[in-house]
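Morning, everyone, and thanks for making time. Could you have a look at the model on the screen while I walk you through it?

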Amino acid sequence: MNFDEESVQPKRGFPNKSLLLAACAACIGGTFQYGYNVSVINAPTTHVQNFINQTWRERYQTDMSVNALTLLWSTIVSIFTIGGLVGVTIGGTLSVKLGRKGTLLANNIFALTAALLMGLSYPTGLFELLIIGRLLTGMNAGIGLCVQPLYLGEIAPTALRGIMGMGTSIFITVGIVAGQVMGLKELLGKEEYWPILLSTTCIPAFLQLLILPWFPESPRYLLIDKGDDEGCNKALKQLHGIAGCDAEREDIEKERNDLVDFQAKKPWELFTDRSVRWQLLSVLLLNAAQQLNGINAIYFYADYLFRQSGIPADKIPYVTVGTGACECIAALTCGLLIDRRGRKVLITGGYTLMSICCILFTLTLSFQDASPVVPYLSMACVFAFILSFGLGPGGVTNILTTELFTQTARPAANMIAGSVNWLSFFFIGLVFPFIVIGLQQYCFLVFLAVCSLMAIYICLVIPETKNKTFVEIQNDFKTFSHKKAHNADRAGPTLLLTST
């Protein structure tokens, strides 16, 4: 390598400053909102329930029954997932009509309206506004989770697509930690501040509206979907610099040439397209497993485990912040490794470590009373499980969902993946309490099966996508599909011969 090559090489390893700022602007009003609104609702639980009961008493001169209050609170919390499902079903369509950047900007309408409604719920005495507000925050999160990975995956150069795509996972975890911190008593966790706490979802929305308009639309969307050559060139120069835009333009041209006369696909068209059946199956399994692998169950169960470990009740919120910080650190580490070690190594390793944690978790739960040390081992398993998730499935799943499809199929694939993700999220929240009742300390054996089976599937089916263009990834799946078909053809005559 000569001196000139050495001087150029480091530049390839670091994203352009404009590219980084564009990614941050997309994430702060995108998946950050998802993480923030998942966690921020936990701190004011008692305060909001008191408000609901007080409002009910003023209206009907009687206290609300415990069951009715529990049902209403569960509705406020869980309708977020319904909103997310609605958001993800319209997010893909909006991303084609308004563009990736345009959809992200328009999405802030839901966040701002939700913040206004939830902030007004207390002074107006209308707890119904909380339900509508949570529904709208869910729609905002659903659209963000669908469209933001599209934008990040399409503005990033091939060599940096992994670390840029990790922005989705990193900002989710940062949002979770931010929501947990804002809910501490030292900040907005006091009873009189809960309306302000729930309305702070407007802050990321305002920030995105101020920053994102300064950055361009996805160059791939401009050239392939809109045929805007001049707009694509300007976007590439701003995002990658003059020196780095030619190679990216060539990559986009290759993908466009492969997609001549192809229109953006609808979700139902992917199910009938045999050329993407393995990609679609992989995305369905990856996104279902991301919610069903036990990570949400860990968060649901963490409060109980920390109490079992002897941690005082008033200290548990701070330990909970530690779990969020743990996942955030894991996501950042994954971002540093993903373009070096590859997607397949990280996600397979993550699921393998999670499987081991499930076994250890089952043992510590089974022998909880054997020694005073065992509850603390359970707590260690919680942190180890979260770290394993953040290092692999937590970040890589979203990247693979974007990488396994070309431009015309990508929005529809993200709609399908997002729908599966939200339905699985709702399902585990609904079913897990019954799993605990039925299986008790053996409940995490269910997640052991999910994690181990996914590790095997990824090893056998999903190719490594590191440093590959979208067209090259598509060709890898075509080769795999042809091999499967060839093996099936060879197996047919063999079966006939053995049966005669």
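For a chain of 500 residues, a compact globule would come out with a radius of gyration near 23 Å, and this protein chain has 24 Å, so the two agree. Along the principal axes, the C-alpha atoms fill a box of roughly 70 × 65 × 50 Å. As for what sits inside, 54% of the 500 residues count as buried. The accessible surface comes to about 22300 Å², with 66% of that area belonging to carbon and sulfur atoms.

Now the fold itself. What does the secondary structure come to? We have 23 helices and zero strands. If you take the contacts with a separation of 6 or more, 83% of them are between residues 24 or more positions apart.

A word on confidence before the details. The chain averages a pLDDT of 84, and 90% of the residues score at least 70. Among the elements, helix H11, residues 202–211, has the highest mean at 96, while helix H1, residues 3–13, has the lowest at 39. The two stretches to watch are these. Over residues 1–12 the pLDDT stays under 50, and the model has two contacts there beyond four places in sequence. Over residues 494–500 the pLDDT also stays under 50, and here the model has zero such contacts. Where pLDDT is low, the predicted coordinates should not be read in detail.

The structure holds 14 of them. Let me start with Arg161, which pairs with Glu403, the closest N and O atoms being 2.9 Å apart. This pair links distant parts of the chain, since Arg161 belongs to helix H8 (residues 161–165) and Glu403 to helix H20 (residues 393–403), 242 residues apart. Are these two partners buried or exposed? Arg161 counts as buried at 2% relative accessibility, and Glu403 is buried too, with a relative accessible area of 1%.

Glu403 has another partner: Arg343 also forms a salt bridge with Glu403, with the closest N and O atoms 2.6 Å apart. Arg343 lies in helix H18 and Glu403 in helix H20, so this pair ties together parts that are 60 residues apart in sequence. At 1% relative accessibility, Arg343 counts as buried. Through shared partners, salt bridges join Arg161, Asp339, Arg343 and Glu403 into one network.

For another example, look at Asp229 and Arg249, a salt bridge whose closest N and O atoms are 2.7 Å apart. Here Asp229 is partly exposed, with a relative accessible area of 33%, whereas Arg249 is buried, at 16%.

Leu360 has its place in helix H18, which covers residues 343–366. With 42% relative accessibility, Leu360 counts as partly exposed. As a reminder, an α-helix has 3.6 residues a turn, so residues three or four places apart point the same way.

In helix H3, residues 31–39, eight of the nine residues are buried. Among them are Phe32, Tyr34 and Tyr36.

Helix H10, residues 194–199, contains Ser199, which counts as buried at 17% relative accessibility. Leaving aside neighbours within four places in sequence, Ser199 is in contact with Ala115 and Gly119. To give you a sense of distance, the C-alpha atoms of Ser199 and Val374 are separated by 41 Å.

Last, some backbone geometry. Most residues other than glycine have a negative phi. Gln61, however, has a positive phi, near 55°. Gln61 sits in the loop between helix H4 (45–60) and helix H5 (66–97) and is exposed, with a relative accessible area of 62%. Asn467 has a positive phi as well, near 60°. Asn467 lies in the loop between helix H22 (445–461) and helix H23 (470–499), and counts as partly exposed at 44% relative accessibility.

That's my tour, and I'm happy to take questions.

Definitions and conventions: Residues numbered from 1 in each chain as written. Predicted model: local features only at pLDDT ≥ 70, side-chain atom pairs only at ≥ 80, totals over all residues. Heavy atoms only, no water. Helix = DSSP H or I, 4+ residues; strand = E, 2+ residues; numbered from the N terminus. Buried < 20%, exposed > 50% of the residue type's maximum accessible area, 1.4 Å probe, protein only. pLDDT = per-residue confidence, 0-100. Contact = heavy atoms within 4.5 Å. Rg over C-alpha atoms; globule rule 2.2 N^0.38 Å. Areas by Shrake-Rupley, 256 points an atom, 1.4 Å probe, with all protein chains shown as cover. Salt bridge = Lys/Arg side-chain N within 4 Å of Asp/Glu carboxyl O.
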